[in-house]
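Subject: Structure handover

Hello,

Here is the structure I promised to pass on. Please open it alongside this message, and my notes follow below.

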Amino acid sequence: MSKSTAAARYAQALFELAVKHGQTDQIEEDLRTVRQVFTQTPELSQLLQSPKWSKDQKKQLIGKSFSGISQHVLNTMYILVDRRRNNEMVELADEYINRALNARGTAVAHVSSATKLSDADKEAISASFAPKVGKQRLDIHNHVDSALLGGIRIRIGNRIFDGTLRNKLNRLERELKR
């Protein structure tokens with residue numbers, strides 16, 4: 001989750017612009033690409049932080065690197081370069097994606113399980129837990145954790161639902177010690 005107020009403001013402005021032009025989904029996809037490139041290529045962030053490069057050179061690099069994305073996203077990235085906030089591009093993408101998901105009534109759920117979840121399992125979890133967090137559906141990211149004996153652990157925002165066998169055994173142990 002983003003800690004930057006500036007990234008949140010830029011994301012809000014970009015989201016309002018996207019809604020006005022009916023491009024929320026397209027811009028969300030573009031920002032997912034931007035986030036992926038920046039997280040997988042730390043050298044790009046380092047180049048954009050370098051004082052040896054002028055703002056114009058940095059903008060040219062962004063323009064060439066992200067030539068297929070929306071002009072609104074490119075312009076926002078150029079503004080971040082102009083204002084020396086290039087280090088906040090990933091946070092801006094995260095903030096925008098969260099706003100787009102919230103607008104659709106969706107929340108991201110990180111589900112840890114002992115085995116890979118099937119699509120039917122994901123749908124059942126979404127149907128069960130989405131109303132508990134006030135959403136219509138969940139976008140489930142499954143993490144296989146072989147240390148879990150069974151059951152699942154779900155993290156939605158700052159809420160955790162722990163239905164793992166390990167957790168149940170720990171609770172039983174505490175109760176028996178009383």
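Glu 28 counts as buried because its relative accessibility is 3% (buried means under 20% relative accessible area, exposed over 50% and partly exposed in between, with a 1.4 Å probe and protein chains only). Before you read on, please note that this is a predicted model, in which local features need pLDDT of at least 70 and side-chain atom pairs count only at pLDDT 80 or more, while totals for chains, interfaces and linings use all residues. Residues are numbered from 1 along each chain as its sequence is written, and side-chain values use heavy atoms, with hydrogens and water left out.

Salt bridges

What does the side chain of Glu 28 meet in a salt bridge? Its partner is the side chain of Arg 104, at 2.7 Å from N to O (a salt bridge is a side-chain nitrogen of Lys or Arg within 4 Å of a carboxyl oxygen of Asp or Glu). This pair links distant parts of the chain, 76 residues apart: Glu 28 sits in helix H2 (residues 24–40), and Arg 104 in the loop between helix H6 (89–103) and strand S1. Helices (H or I, at least four residues) and strands (E, at least two) are DSSP runs, numbered from the N terminus. Arg 104 is partly exposed, because its relative accessible area is 38%. Both residues belong to a network of salt bridges that also takes in Asp 25 and Arg 32.

The structure holds nine salt bridges. Another of them joins Arg 35 to Asp 94, with the closest N and O atoms 2.8 Å apart. Here, too, distant parts of the chain are linked: Arg 35 is in helix H2 and Asp 94 in helix H6, 59 residues apart. Arg 35 is partly exposed at 25% relative accessible area, and Asp 94 is partly exposed at 24%.

Asp 82 forms a salt bridge with Lys 59, and their closest N and O atoms are 2.7 Å apart. That pair connects helix H5 (residues 71–82), which holds Asp 82, with helix H4, which holds Lys 59, across 23 residues. Asp 82 is partly exposed, with a relative accessible area of 33%.

Helix H4 (residues 55–65) also contains Asp 56. Is Asp 56 buried or exposed? Asp 56 counts as exposed because its relative accessibility is 55%. Asp 56 and Val 81 are 25 residues apart in sequence, with their C-alpha atoms 8.9 Å apart in space.

The sheet

Four strands make an open sheet with mixed pairing, in the order S2-S1-S3-S4 (two strands pair if DSSP finds at least two bridges between them). S2 and S4 (159–162) are the edge strands, each pairing on one side only. S1 (residues 106–113) and S2 (residues 137–144) run parallel and are joined by eight bridges; Ala 109 stands opposite Ile 140 in S2. S3 (residues 152–156) and S4 run antiparallel, with four bridges between them, and Arg 155 has Ile 160 in S4 as its bridge partner.

Enjoy looking through it, and do write back with any questions.

Best wishes
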